[in-house]
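Me: I have a model open and want to go through it piece by piece. Can you take my questions as they come?

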Amino acid sequence: MLSSISYYGVSLLAILLHKSTHCSAAEDTVFVQFNVQLSPGWDPTSFMLEVNPSWAPIGAERFLDLVDNHPEFWSGVRFFRVIEGFMAQFGIAGDPVVAAEWKQKKIVDDEVKASNLRGYISYATSGEDTRRTQMFINLDDNKNLDSQGFSPFGKVVDDDMDIVDQIYSGYGEGAPKGDGPSQRLIQNEGNVYLEQEFPNLSYIISVKRVPKDVMDDVTKGVTNNVETLDEVRTISKGESTRLGISWASSSSSFGGPVYSIFLVLFIIRK
């Protein structure tokens, strides 16, 4: 089954499709992969975030610092406030010691250059210049947030919103307004509190920057990076899945090559 392709396979496919239709990505664009557990008992999956530092340089720098230098921050981070048709909020470390450390590290606001459209990601705030590590993915167009100073620094890649839409939203608004988790208790007690009181929350397993050489190969249509481009293998539930990726090129009226993707999926049942 296609669903048996693990983290890297699904997100790599999303990047390939994205690049095939968006050939002129900004030079400073960075891709970051989120490996997530959507629900207990489900297979882990992933979605890809396209970070655009030109939109919000200060916010992007903080995010990429967390990705590149602080893996301990991300492990087990819950999507603790998910409101259907609005947004999915996360970014409090599951370890209260780590959470307390980052709570002290505020960053100043960025100018709002991009709009809070569906799939775009911004920081949550409690007022002017109070951004820390909490952020949210817009589940719908929320342009009204633009005038309130919420500055997007990236967006979920294309079809990966199908994954984001499956983030658990059953607990709704957080306390005290709703029946969902209390941010104060998350901050003080971490995942011990969340696992006991809100066991169905989706959470992050890990995040990682997609290597530049991989993205360069994808952009150019080069398939000699065997480990990541030529084929992706995974074994899940007794099945071996191979995803073959090939490229074809033709000239375009714009004076450059146009790349197309041919995908061949083989299922070998054991």
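Me: Aspartate 110, buried or exposed?
Reply: Aspartate 110 counts as buried because its relative accessibility is 10%; buried means under 20% relative accessible area, exposed over 50%, and partly exposed in between (1.4 Å probe, protein chains only). This is a predicted model, where local features need pLDDT of at least 70, side-chain atom pairs count only at pLDDT 80 or more, and totals for chains, interfaces and linings use all residues. Residues are numbered from 1 along each chain as its sequence is written, and side-chain values use heavy atoms, with hydrogens and water left out.

Me: Where does aspartate 110 sit?
Reply: Aspartate 110 is in the loop between α4 (96-103) and β5 (120-123). Helices (H or I, at least four residues) and strands (E, at least two) are DSSP runs, numbered from the N terminus.

Me: Which side chain does aspartate 110 make a polar contact with?
Reply: The side chain of arginine 131, at 2.8 Å. A polar contact is a pair of N or O atoms within 3.5 Å; within protein, one must be able to donate a hydrogen and the other to accept it, and residues adjacent in sequence count only if both atoms are side-chain atoms. A polar atom of the aspartate 110 side chain also lies 2.8 Å from the backbone nitrogen of glycine 59.

Me: And which residues is aspartate 110 in contact with, leaving aside neighbours within four places in sequence?
Reply: Ala56, Pro57, Ile58, Gly59, Arg131 and Ser151, where contact means heavy atoms within 4.5 Å.

Me: What about asparagine 116, buried or exposed?
Reply: Asparagine 116 is buried, at a relative accessible area of 0%. Asparagine 116 is in the loop between α4 and β5, and its side chain makes a polar contact of 3.2 Å with the side chain of asparagine 138. Beyond four places in sequence, its contacts include Ser122, Phe136, Asp140, Lys143 and Phe150.

Me: Switching to the sheet. What is the strand order?
Reply: The open sheet of 8 strands runs β3-β4-β6-β5-β7-β2-β1-β10, with antiparallel pairing. Two strands pair if DSSP finds at least two bridges between them.

Me: Which strands stand at the edges?
Reply: β3 (81-83) and β10 (203-209); each has a single partner strand, so one side of each is left without a neighbour in the sheet.

Me: How is β1 joined to β2?
Reply: β1 (residues 30-37) and β2 (residues 45-51) run antiparallel and share 7 bridges. Phenylalanine 34 stands opposite phenylalanine 47 in β2, and phenylalanine 31 has glutamate 50 of β2 as its bridge partner. β1 also pairs with β10 in the antiparallel sense, over 6 bridges; there, phenylalanine 34 is partnered by valine 207.

Me: How many residues of β1 are buried?
Reply: 8 of the 8, so β1 is largely enclosed by the rest of the structure. Val30, Val32, Phe34 and Val36 point one way and Phe31, Gln33, Asn35 and Gln37 the other.

Me: Which residues have the most contacts inside the largest nonpolar core?
Reply: Phe34, Phe63, Trp74, Phe90 and Phe153, in a core of 46 residues. Its largest share, 5 residues, comes from helix α2 (residues 57-69). A nonpolar core is a set of buried Ala, Val, Leu, Ile, Met, Phe, Trp, Tyr and Cys residues joined through side-chain atoms within 4.5 Å.

Me: What does tryptophan 74 touch?
Reply: Not counting residues up to four places away in sequence, Phe34, Phe63, Leu66, Val67, Phe90, Met135, Ile204 and Val207.
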